Amino acid sequence: MTEPLLQVEGLITELGETARPLRVVDGLDLTIRSGETFALLGESGCGKSMAALSLMRLLPPGGRILSGRVRLGGTDLLHLTEAEMRSVRGGRMAMIFQEPQTSLNPVLSVGVQIAEALHVHGEGSDGRNRRRVVELLRAVGIPDPEQRADEYPHQLSGGMKQRVMIAMALAGDPGLLIADEPTTALDVTIQAQVLSLLGDLRRETGMAVLLITHDLGVVAETADRLAVMYAGQIVETATVSEFFAGPAHPYGRMLMESLPSAEKRRGRLATIPGRVPPLDRVFSGCRFADRCASVMPLCRERIPEWIGLGAGRGVRCHLWSEGEASHPGPARNAAEPESGASERPSGSVGEIGSPLLKAVDLKVHFPIQRGLFRRVVGHVRAVDGVSLDLSLGRTLALVGESGCGKTTVGKAILQLIAPTSGQVLYLGRNLAGLGHRAMRPYRKDLQIVFQDPYASMNPRMLVGDVVGEGLQALGIEWTRAVRERRVADLLELVGMDPESARRYPHEFSGGQRQRICIARALAVEPRIIVCDEPTSALDVSVQAQILNLLKDLQSRLGLAYLFITHNISVVSYLAHEVAVMYLGRVVERGGVEEILTDPRHPYTRALLSAVPVVDPEKRRVVIRLEGDMPSPSNPPRGCHFHPRCPEATSRCSEGYPPEVRLGASRYVSCLHLD
Amino acid sequence: MTGTARIRGGGAPGSSRIGFLASRIGSALTMLLGVCTLVFLLIHLVPGDPVEVMLGEGARPADQAALRHALGLDRPVWAQYLDYLARLSRLDLGQSLHAQRPVSDLLAERVGPTAILAVSSLSLAILLAIPLGVLAAQYRGRVVDRAAMTFSMLGAAVPNFWLGPLLILVFSLWLGWTPVSGREGALSLILPTVTLGTGMAAVLARMVRSSVLEVLGEDYVRTARAKGLGPAAVLWRHALRNAWLPVLTLIGLQFGALLGGAVITETVFSWPGLGSLLVEAIQTRDYPLVQGAVLLIALTYLAVNTTTDLLYAAMDPRIRAV
């Protein structure tokens, strides 16, 4: 075994006032060897990022390390002076962050920002640094590095910015790279690019990577070993193959069970009830006990010890203490088979699957205005001819990467944005072009749930008023008492305490807020709900709760969902039909199974291949897409995808390929379908 | 179809630095014409007959007719407008009714003192406010911060008509270090500069502090620290470069206001500036002079704003791309 590169022992970090501190990292032990990728896995609020910032000694104001040892290649980092620590930061140990958008200084060119790191950690002349900057940019796969070095962050795409961050981190030739959710803010095809870049660089330079993530798929694909963190502590360490063969701690197991997938379609997803406990208290038992499916009386009485399971594997759980090791069986609420409700038609309004809404050649173009007189100099073709069908009681997933226009489609269907042309036929009536007044009777039937449950509720309104406002606004229910009763029923329907009506949105967690938003949409008894990435701001265990709820509501109320998402595993679990969008157009649509198992459009194939698989044994072949999605203000001639398409021929640039019907419900826009 | 517009094929969306400059200057010139037109209309917006207002009620009809003719008010409006623009292009702003001298001469005498006072007091404000604000942000919640913010509150709360006489009382009358009023040598500049400068410094320091605090919490500042940069480099290269931007806007506005004449301070110190000239002109109903002064002040604002925009663009690459 190689000498460990990083050794952390008993690290304790606190935040906040000394009188009532939050112990965000509580006794962290960690060993990372040279050249390996070590993943630190956990949901938000588990202390992963604070652990990483503690290693760098870059804690936010008020953060302090109380005790512990952090040894990096023989140096005890906690005993260095601040000046000595500065030469470690960005030198032997570098870090990249989650948000490449905000992590680069907007007023300095990227070349200058990289050169700065070179300057701090070397004594090179300006000319040599400039050459090295270009080398680094080339090494992270940025085209035209000489030219790009002089550009500013806003001129680069998100993926490019993360590459620049990586180049900056490489400047000091680090032995350890800490990557804090490096691909969370990126699209899945860009994520695939960045992850493979990190893997290549690790092999070339021999550096170790500490990968902090909540994404089990990313861990399965990139890491060698991992530690699962929960409420400030590590609850399990294992090699990746051991972990995915069977997590030792119930938390890891429940996380895996709550992931949506095609195999789980028939039943409900397992959920983890409750949330991560606040860290301002002293624990007297296991921190996970309140949410654990395998909880025993002992778990609440005694703090579980760290139990070594041999060869670097270990767990913090009473199930593994003497005599109990045989117990980690299936969890209580693990993937319980559905009680038959999921496919049962509601029967209230028409037949399941009967057509409800049809978008025909929908276009939304935004004018680009310039100059003194706001002259229109072009158009952003956000949506450029999209046709869709929504049916009663069914879910149509609209899939695509950011900027492809999927959210705009949702808003245009609801007439929240006026379509430039095309039709939105709801039960045969064209909604496009209806004025506010004419649209009002239809508002009741068409509702929306937004991505960010934090930003989509007025913080100064009581939850009851948030939910009940639609009833009043659309003149459905004028009597206050009746309305309050309806609101209470609705809250109960989405699994909330009716008493919540008297509280404010900020008193609830993200998952609870999203339930409230769903109750708000349901209040007016809609038939169609546009769900715009409703779970992408949530942790997987909470996501499972929301997905279960949406599925239940659909079967009980016969709702049709237009589910806008970039998350393929959610699609495979929830959707009946799928439409894949690229640069304002649907490139392929059809039934969920045929599209996910046998994608025909090259973009669909690339998109699906880029999704990390939660199974380290299944190494997939990623179809690497070069570059980024072009701007919708100036889409490529012919097929919009052809400049990035691995199968493109000269014919592809001649005209946009017509939609070809393959089978009963499948349509594909590609010239090469053989 | 509504909203259709010509789509310029192949027009490059990203305009260059020169394009940005041209568009800014173009818009400034358009505003200039607008300002001139508004000032021209000023005299026609006066309620009642402007000639009667200027000469007072008891004026003789012959005098009224003479003035009306002198001002060109007896001609059609469009002819007056064209004539006015033609005169403007020769920098002819007409005759002051009261002083019986060209308005441009009167203004020229006052511009210098106003500009000197504006530059000196703004410089003082910047020199005080930036270190204070930066220190307060760096040592947030500590003694330095509290002291700086106390100064800031006092500075903003104390009115110039009180501070000015107080300074005269202490430094001119008791100590005899500076002249009481007027514009006699460099020493006479000190008290009005302090009066104006401290007030502005107070507002500016608060702005600098909050701007620096905001920027220090940004992700890129954390990135800079993660690179291993020292506190000075983090502060100067990363934080201040961004924190400057909103501060610059405020400085531009304050400078514009100062150039328009600090009426109260100029009156307290008998400083022969534009502000006091404008007040006199209004009191004597000297319309040509009012028009000239308003035009000059508006132009100054325009120039300062355009300069601020251009500086902003020089400092923030994101704006150049718009």
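Me: How much area do domain 1 of chain A and domain 2 of chain A bury between them, and how much of it is on carbon and sulfur atoms?
Reply: In this predicted model, the two domains bury about 1200 Å² between them, with 54% of that area on carbon and sulfur atoms. The figure is the accessible area that both parts lose on being put together, so it covers both sides of the interface.

Me: Where are these two domains in chain A?
Reply: The domain assignment places domain 1 at 259-320, while domain 2 is made of 355-445 + 526-668. Their C-alpha centres lie 38 Å apart. Even so, 14 residues of domain 1 of chain A are in contact with 19 residues of domain 2 of chain A.

Me: Why is the pair Arg268(A) and Asp552(A) called a salt bridge?
Reply: Their side chains come to 2.7 Å, N to O. The cut-off for a side-chain nitrogen of Arg and a carboxyl oxygen of Asp is 4 Å, so the pair at 2.7 Å qualifies. The count between the two domains is one salt bridge. Polar contacts are listed too: nine residue pairs across this interface, both residues at pLDDT 80 or more.

Me: What makes Glu116(A) and Arg237(B) a salt bridge?
Reply: The closest N and O atoms are 2.5 Å apart, and the limit is 4 Å, so Glu116(A) and Arg237(B) pass. Between chain A and chain B the count is two salt bridges. On the side of chain A that touches chain B, the elements giving two or more residues are α1 (48-56), α3 (100-103), α4 (110-121), α7 (158-170) and β14 (375-391).

Me: How many residues of chain A and chain B are in contact, and how much area do the chains bury between them?
Reply: You will find 36 residues of chain A in contact with 33 residues of chain B. About 3000 Å² is buried between the chains, 58% of it on carbon and sulfur atoms. The rule also finds eleven residue pairs in polar contact across this interface, both at pLDDT 80 or more.

Me: Why is Thr408(A) called buried?
Reply: Its relative accessibility is 13%, and buried means under 20%, so Thr408(A) counts as buried. Thr408(A) belongs to helix α13 (residues 406-413) of chain A. Beyond residues up to four places away in sequence, Thr408(A) touches Val364(A), Phe366(A), Ala382(A), Val383(A) and Ile417(A).

Me: How do you know that Leu122(B) is buried?
Reply: Set its 8% relative accessible area against the 20% limit: 8% is under it, so Leu122(B) is buried. This residue is in helix α5 (residues 103-138) of chain B. With neighbours within four places left aside, Leu122(B) contacts Met200(B), Ile251(B), Gln254(B), Phe255(B) and Leu258(B). Thr198(B) is 76 residues away along the chain, yet the two C-alpha atoms are separated by 9.2 Å.

Me: Which residues of helix α12 of chain B are buried?
Reply: In α12 (residues 274-283), they are Leu274(B), Gly275(B), Ser276(B), Leu277(B), Leu278(B) and Ala281(B). These residues pack against α5, α10 (231-259), α11 (263-268) and α13 (287-315) of chain B. Just after α12(B), Arg285(B) takes a positive phi of about 50 degrees.

Me: What is the helix content of residues 21-46 and of residues 289-312 of chain B?
Reply: Both spans are among those that UniProt lists as "transmembrane region" for chain B, in an unreviewed entry. Residues 21-46 are 96% helix and 0% strand, with end C-alpha atoms 38 Å apart. Residues 289-312 are 100% helix and 0% strand, and there the end C-alpha atoms lie 34 Å apart.

Definitions and conventions. Residues are numbered from 1 along each chain as its sequence is written. Chains are lettered from A and ligands numbered from 1 in the order in which they are written. This is a predicted model: local features need pLDDT of at least 70, side-chain atom pairs count only at pLDDT 80 or more; totals for chains, interfaces and linings use all residues. Side-chain values use heavy atoms; hydrogens and water are left out. Helices (H or I, at least four residues) and strands (E, at least two) are DSSP runs, numbered from the N terminus. Buried means under 20% relative accessible area, exposed over 50%, partly exposed in between (1.4 Å probe, protein chains only). Contact means heavy atoms within 4.5 Å. UniProt positions are given in the numbering used here, feature names are shortened, and annotations may be inferred rather than shown by experiment. Domain bounds come from an automatic or database domain assignment. Buried area is the accessible area (1.4 Å probe) that two parts lose on being put together, summed over both. A polar contact is a pair of N or O atoms within 3.5 Å; within protein, one must be able to donate a hydrogen and the other to accept it, and residues adjacent in sequence count only if both atoms are side-chain atoms.
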